[in-house]
Every structure is written in C-alpha cells, then in structure tokens.
Amino acid sequence: MSATARSILTPNDDAFWQAARGVWSSREDLQSAYPNPDSDGFAQWLAANAVLEYPNEFAPYYPPPPPADLVRSSSCGASAQVHLWSGTEDILLLKDLMEMYPAPKAEIRQVLDFGCGCGRVARHALRGLGGTQLFGADVSQGDVDWCTANLPGTFVRCGTQPPLPFETNQFDLIYVISVFSHLEEQTARAWMAELSRICAPGGTILISTVSSFALLVISRSPEHQELYRLTSKEAFERARELEEKRFVHYSPGADWVGAVPGVDVTYGHTFLTPDYVASEWAQWVRVRGYVPAALFRFQDLYALTNRGD
C-alpha cells in the first residue's frame, strides 16, 4: 500500500481523528487488525467503513454511500462496504502507478474519470491524484445525477459512442476503470481516439483492461464462470483464441446487457493483449508502464502517455 494512503483517504482534521481514535479504542477487533490507529490500514478502514457504521460521527467528512441500486449496477452486485473498499484500493493503485511511471507532463489541473459510475473512485480522486478540477462522464443518467448531487466536480452523461462534451487538450489526467473491458473493437478504438483528443499532449491516461491471465482465472473459478457466463472449457478456449487474435469480445446475453443502465447491444466482455495495446493504439498513445493483474488481482493496468500530435 502506498505510504500516502492516510493523506489520500482521511482528512487532516483534529475532530475527525479524535472521533476515529475513539472508535478504535472502543473496539478490540480494530485494535487487533490495526495495532496503530495512525496506520495506513486503519485509514483505509475508515474511508470504507466509518460512514457506514458510524454515520453520525463521520458523515461530515465523507460523501454518503450511494444507494443500493446504483451500487448493484456499477459494482456487479457488491455490497456498499465492498463498493467503498474497492474504491480505496483502486485510488491507491492509481496513485502508485503514477509514482512508478512519472508523467512527462508534471502539472495536473483537470482530471477526468471516464466511466465514473456512482463515484467509487471519484470520491477520492483529487486528493489521490492531484488536480484542481474533477470531471466525470458515464452512460448512466442515475449515476451522473447522484455524483452531481453528492461529489465535488462536474459530471456529465455521455453516449455509447463519442464525442464527449469537452475541449480538445482539456485534461492533464484521465483514468478509465473497467470500461475497455466491455467494449467491442471498433467502439474501443473510437473511444481511445476521443480520449486522446481531449487529453493534453504529454498527458496521462490510466486504463484497465483484461487479458489471458483473467481467462485462466475464470477457467478455474466457478464464481467467475457464473459472472462471465463461461464454462471452464470455454474460458480456456477463449484464452487460446486471444493469443491468436489479440482482441476477443463476446456478449453474455441480452438479459445481462439489459441490466446495465445506458449501454447498447454491443456491450459485453472484452479481453486484449499487451501487444495489442502497444501496437493498435500507438497512433494515439505510448505505453509508459504496464502492471499485469494489478486491479482486483484480475485486470491489467496501463499508464499511457498521450501523443497529442
């Protein structure tokens, strides 16, 4: 975990920490799990659990948890606690990725969360990634409305195809989590071109994708097989297909697609290789860094530099 977790996930506020240490002192389970109440681990617990378990004490310091229907649609049916915890994990991973692969454009002002959902990561974005202005875009009007009402920043609904309502070269940093893992190939190329358009030259695009490692996990995990609607044999066959084609996309079924707000009939599951990213997106971006299976121990993370030329 990044050494900056506490500064990212908790406010520098005396009253907050008085309440936090009071909770820690009253619970043996927390003292056992986090022997030091000033630790990064306890800070992460506070960011994910405090507003759920102690809303009266911590509501002034954190945005509220999203309603259950938005959590279900944006986090594959996860509970509110899992939703919030995964957001803390992801913002710390993105911060680590930026530190591992420093950006050519050091100054970060405007930040875009593309595919923001109901703000799982956006609730920590400015403290975690820097910048002075946060924007978000999503196909779900319900998610956009909730973010607008509860998070600092500007949030807009986008279509399933470009363009976005932003200026050319507007953003210094764009992050994209669990979006390109669902797009068919031509749509993915169109969106990469659009993200390149709105990202400043030398700016950063942080993006997650899914590759053959995930397919092998699916082939061995009944839980993942149910989620992806693949048998073990089918997952292994798709992994072999991916090695040949470098990009594989399929639809789990009309009922699955219909349960996701705002998407079109091409929405599904997508797997692509690092070689595909480096070669097929080279006209728009350069791969600055790559960490396999970094996100949820399942999705790959890339730090991309926008060419902007």
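The model is predicted, so to speak, rather than taken from an experiment, and local features need pLDDT of at least 70, side-chain atom pairs count only at pLDDT 80 or more, and totals for chains, interfaces and linings use all residues. Residues are numbered from 1 along each chain as its sequence is written, and side-chain values use heavy atoms, with hydrogens and water left out.

**Stop 1: the sheet**

Select the strands first; helices (H or I, at least four residues) and strands (E, at least two) are DSSP runs numbered from the N terminus. Seven strands form an open sheet in the order S3-S2-S1-S4-S5-S9-S8, with mixed pairing, where two strands pair if DSSP finds at least two bridges between them. Strand S3 (154-157) and strand S8 (285-295) are at the edges with a single partner strand each, so one side of each has no neighbour in the sheet. On average, neighbouring strands of this sheet are turned by 15° against each other, direction ignored.

Now select strand S2 (residues 133-138), which pairs with S3 in the parallel sense over four bridges, and look for glycine 136, which stands opposite phenylalanine 155 in S3.

**Stop 2: strand S4 and its partners**

Select strand S4 (171-176), and ask how many of its six residues are buried. Six of the six are buried, so S4 is largely enclosed by the rest of the structure; here buried means under 20% relative accessible area, exposed over 50%, and partly exposed in between (1.4 Å probe, protein chains only).

On one pairing, S1 and S4 run parallel and are joined by three bridges, with valine 111 standing opposite leucine 173 in S4. S4 also pairs with S5 in the parallel sense over five bridges, and tyrosine 175 stands opposite leucine 206 in S5. The chain goes from S4 through H10 to S5 in a right-handed β-α-β crossover, a term for a path from the first strand over the helix to the second that runs clockwise when the strands point away from the viewer.

**Stop 3**

Select helix H10 (residues 185-198), which lies across strand S1 (110-114), S4, S5, S8 and S9 and runs at about 145° to S5. Such angles run from 0 to 180 degrees between N-to-C directions, and the axes are lines fitted to C-alpha atoms, for helices over the stretch in contact.

Within helix H7, select serine 86, which counts as buried because its relative accessibility is 13%. Leaving aside its neighbours within four places in sequence, serine 86 is in contact (heavy atoms within 4.5 Å) with Arg120 and Phe296.

**Stop 4: the nonpolar cores**

Which residues touch the most other members of the largest nonpolar core? They are Phe42, Leu46, Phe58 and Tyr175, in a core of 49 residues, and helix H4 (residues 40-53) gives the most to this core, with seven residues. A nonpolar core is a set of buried Ala, Val, Leu, Ile, Met, Phe, Trp, Tyr and Cys residues joined through side-chain atoms within 4.5 Å. A second, separate core has 32 residues, including Ile174, Val176, Ile207 and Tyr302.

**Stop 5: aspartate 264**

Finally, select aspartate 264 in the loop between helix H14 (254-258) and strand S7 (269-272); its 25% relative accessibility makes aspartate 264 partly exposed. Threonine 160 is 104 residues away from aspartate 264 in sequence, yet the two are 6.8 Å apart in space, C-alpha to C-alpha. Their side chains make a polar contact (3.2 Å), meaning a pair of N or O atoms within 3.5 Å, where within protein one must be able to donate a hydrogen and the other to accept it, and residues adjacent in sequence count only if both atoms are side-chain atoms.
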